[in-house]
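Me: Please show me the structure, and then let me ask about the words used to describe it.

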2 protein chains.
Amino acid sequence: MIEDKNTSRTSLSELGEFGLIDHLTKNFEIQQESTILGIGDDAAVLDFKDKKCVLTTDLLIEGVHFDLSYVPLKHLGYKAVMVNLSDVYAMNATATQITVSIAVSNRFPLEALEELYAGIETAAKIYNVDVVGGDTTSSTTGLMISITAIGQADKDSLVYRDGAGENDLLVVSGDLGAAYLGLQVLEREKQVYKANPNSQPDLDQYSYLIERQLKPEARKDIKELLKALDVKPTSMIDISDGLSSEVIHLCTKSKVGVNLYEEKIPLDPAVISTCEEFKLNSTTVALSGGEDYELLFTIKQEDFPKIKANPNLTVIGHITDEKSGIGLVTRANEKIQLVAQGWNPIKE
Amino acid sequence: MIEDKNTSRTSLSELGEFGLIDHLTKNFEIQQESTILGIGDDAAVLDFKDKKCVLTTDLLIEGVHFDLSYVPLKHLGYKAVMVNLSDVYAMNATATQITVSIAVSNRFPLEALEELYAGIETAAKIYNVDVVGGDTTSSTTGLMISITAIGQADKDSLVYRDGAGENDLLVVSGDLGAAYLGLQVLEREKQVYKANPNSQPDLDQYSYLIERQLKPEARKDIKELLKALDVKPTSMIDISDGLSSEVIHLCTKSKVGVNLYEEKIPLDPAVISTCEEFKLNSTTVALSGGEDYELLFTIKQEDFPKIKANPNLTVIGHITDEKSGIGLVTRANEKIQLVAQGWNPIKE
């Protein structure tokens with residue numbers, strides 16, 4: 001738990017708002033040519049010249065999107081950046097800047113925010129984005145993080161959700177379901193810890209799952225990979241809420257149907273074994289788990305030879321006409337209607 | 001109180017996240033040429049061509065930045081947009097787009113969010129900005145609003161905080177202190193209401209103050225006015241935390257000092273009379289009150305004839321060398337050091 005981890009505790013009120021912002025952002029360096037002015041004025045100034053600007057934003061709330069009893073703040077900062085960059089990459093664009101706003105209650109000492117910002121800084125460095133602004137304020141209860149990510153792309157390289165055409169192939173990067181199972185493992189350990197604070201968990205066999213949950217990586221590489229393979233997707237979306245939900249978005253926007261093949265869904269061996277242990281259906285986990293931050297896209301059939309040997313990419317289905325519906329073809333070769341059961345943050 | 005006002009109550013969970021976003025954003029129209037794609041994909045797509053892009057973000061938290069017991073949600077939505085546009089205008093830029101993220105607890109029915117979005121929509125229409133994205137999620141307690149505003153400007157017309165030079169004149173738009181006093185009046189009425197819910201307040205004499213607090217207007221007009229007067233400010237900042245704090249920011253960034261004349265600070269007659277009633281010093285209120293959303297800027301002395309007859313603009317001081325310090329020249333002609341006592345959202 002966050003309050004116990006820090007031996008040194010500096011109250012946020014000692015610094016004040018501007019002192020706090022200065023302190024937390026002093027290590028952020030400007031790397032992008034498009035950043036004319038970063039933090040320090042009323043607004044940042046960016047210059048995209050003849051590129052298009054891509055803009056996306058996400059809000060993460062303690063107790064809704066994350067649980068600080070098992071999420072280290074540094075990982076949380078890192079993940080909050082990933083969640084946003086993933087949306088930029090899903091446009092087939094290059095991420096260039098982010099803004100970071102946080103609201104935090106006074107139970108957090110300065111050292112906790114330093115951890116959070118260290119994660120943000122690490123993500124920004126690795127993914128080569130500039131932190132150009134934000135806001136820091138107090139909250140009456142927990143921690144909230146609002147990140148906006150900006151990217152750029154040539155007009156012709158942008159990929160939207162609505163471009164999938166009949167007979168296109170449906171492709172996914174990486175594998176699915178691990179992040180959700182990582183969360184299940186962490187939730188279970190939390191209950192064990194509550195019952196017996198001296199228990200020593202052995203989480204080695206779950207390390208891939210836990211890493212996918214706590215420190216996901218946005219697929220910056222897919223744009224570059226596809227460019228190298230000379231493939232331009234016809235449509236693309238990132239998988240944040242679960243494969244099922246994203247397939248439905250893509251098909252609805254593109255006014256097409258799909259046959260998605262259950263047996264083709266890429267699963268890590270740790271997903272399969274942990275599903276057995278937790279008595280969960282691995283297909284359901286992949287379809288509805290969410291937080292994988294992989295990319296789902298469609299390509300023309302003629303591009304199949306270019307991608308088929310690539311271990312990062314798996315063809316999981318093909319696009320049909322709209323009337324044929326959005327269907328999952330099961331291992332038993334039955335076609336069932338896909339239903340979005342992705343994670344719903346608006347719940348009772 | 002918000003729960004009592006709505007006879008019709010629709011639970012947010014009935015709609016789900018995507019249904020809610022669709023419902024709330026269905027009236028938003030795209031007006032700006034620079035908006036290529038608004039809401040509906042992983043990210044918005046904007047095109048600033050040869051203009052620079054300006055970007056700013058603010059986070060508003062229930063219980064910290066606003067009290068829903070006297071702030072109507074429609075006004076809150078409107079104000080949240082103003083707070084951000086003000087930062088764009090303080091760059092001497094034109095606001096073009098906003099993103100709106102909200103986190104909301106389930107005590108809010110759909111009808112409450114409709115009110116909030118109606119205010120956002122009204123502001124977007126009047127100020128000619130497109131709503132191009134956002135996020136909607138649940139919170140464990142109150143309401144949070146995170147808005148990012150984007151603007152554009154020619155490189156040569158941008159005005160930063162660091163350009164003030166010795167002998168420049170310090171100018172402020174509008175008048176100061178009214179928003180803070182409006183808040184004091186509303187706080188007092190809240191206490192009266194608590195003691196006697198049947199009391200009928202007569203707030204006519206405070207209408208200007210209350211409007212400045214509940215429905216501030218960002219100074220979109222100042223950029224146009226200054227252009228028409230052929231004046232380019234040497235530095236500019238918006239007044240959100242209080243005149244004192246902003247003067248210190250401007251001088252520190254520009255590495256200059258200032259003589260700010262107490263007698264020149266523009267005050268509305270309602271500010272003066274209400275300060276007397278509340279036994280507050282009107283200069284202190286103007287210096288530290290905050291939330292005025294006026295623009296503070298410096299101009300070359302030679303531009304003085306161009307602005308001196310304008311009722312929107314008041315010269316309140318002149319820039320000195322850095323060594324002379326940041327000083328307030330009182331009505332008694334004493335120079336005292338200015339101290340930032342603006343509102344601090346990071347407090348115990």
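Predicted model: local features only at pLDDT ≥ 70, side-chain atom pairs only at ≥ 80, totals over all residues.

Reply: Residues are numbered from 1 along each chain as its sequence is written, chains are lettered from A and ligands numbered from 1 in the order in which they are written, and side-chain values use heavy atoms, leaving out hydrogens and water.

Me: Why is Asp58(A) called buried?

Reply: Buried means under 20% relative accessible area, exposed over 50%, and partly exposed in between (1.4 Å probe, protein chains only). Asp58(A) has 16% relative accessibility, so it counts as buried.

Me: What makes Asp135(A) buried?

Reply: Its relative accessibility is 8%, therefore Asp135(A) counts as buried.

Me: Why is the pair of Phe28(B) and Tyr117(B) called tilted?

Reply: Rings of Phe, Tyr and Trp (its six-membered ring) pair if their centres lie within 6.5 Å; planes under 30 degrees apart count as stacked, over 60 as edge-to-face and the rest as tilted. The ring centres of Phe28(B) and Tyr117(B) are 6.2 Å apart and the planes stand at 50°, so this pair is tilted. Both residues, Phe28(B) and Tyr117(B), are buried.

Me: How do you know that the charged end of Lys215(A) sits over the ring of Tyr78(A)?

Reply: The rule asks for NZ of Lys or CZ of Arg within 6 Å of the ring centre and within 35 degrees of the ring normal. The charged end of Lys215(A) sits over the Tyr78(A) ring, 4.3 Å from its centre. In chain B, the charged end of Lys215(B) sits over the ring of Tyr78(B), 4.3 Å from its centre.
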